[in-house]
Amino acid sequence: MKLPTFLREYAKVAAECAKDRADHPKFLLRLAELELLDRERRLVERRIRAAHFPAVKSLDTFDFTAIPSLNKMLVLDLARCDNIIALGNSGTGALLDRLTQHVQILEMNGEINDS
């Protein structure tokens with residue numbers, strides 16, 4: 001069984017558990033949780049690489065000042081939804097179109113309002 005995170009983190013987790021007076025099952029649980037989180041992260045990274053996207057972007061680099069009418073707080077709130085992927089060439093407005101559709105759906109469902 002390959003457990004690279006166990007191998008990399010066991011000493012640090014053991015020290016934390018000793019400090020917290022955690023028993024062996026809690027020590028193993030903490031290591032298993034770290035392993036699962038790391039596996040999920042690596043899986044996402046592999047899928048993104050396998051998709052061969054022309055560019056991988058996130059909202060961290062989005063220039064909200066370029067579209068002053070775009071509600072930044074609403075966009076960031078929508079970003080907490082499960083994966084939203086917008087595809088299109090740079091400048092085509094794919095992200096804005098997708099977010100607008102989500103806003104309209106949420107408004108129709110009564111999940112957001114303008115107050």
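1. Let's start with the term we need: a salt bridge is a side-chain nitrogen of Lys or Arg within 4 Å of a carboxyl oxygen of Asp or Glu. Counted this way, the model, which is predicted, has eight salt bridges. Here are some of them to find in the structure.

2. Have a look at Arg30 and Asp20, whose closest N and O atoms are 3.3 Å apart.

3. Glu35 and Arg39 form a salt bridge, with 3.2 Å between the closest N and O atoms. Both residues belong to helix α2 and are four residues apart, about one turn of the helix. Arg39, at 36%, is partly exposed.

4. Asp38 and Arg42 make another salt bridge, and their closest N and O atoms are 2.4 Å apart. About one helical turn separates these two, because they are four residues apart in helix α2. Asp38 is buried at 9% relative accessibility, while Arg42 is partly exposed at 24%. Both belong to one network, in which salt bridges that share partners also join Arg8, Glu9, Lys12, Arg41 and Glu45.

Notes: Residues are numbered from 1 along each chain as its sequence is written. This is a predicted model: local features need pLDDT of at least 70, side-chain atom pairs count only at pLDDT 80 or more; totals for chains, interfaces and linings use all residues. Side-chain values use heavy atoms; hydrogens and water are left out. Buried means under 20% relative accessible area, exposed over 50%, partly exposed in between (1.4 Å probe, protein chains only).
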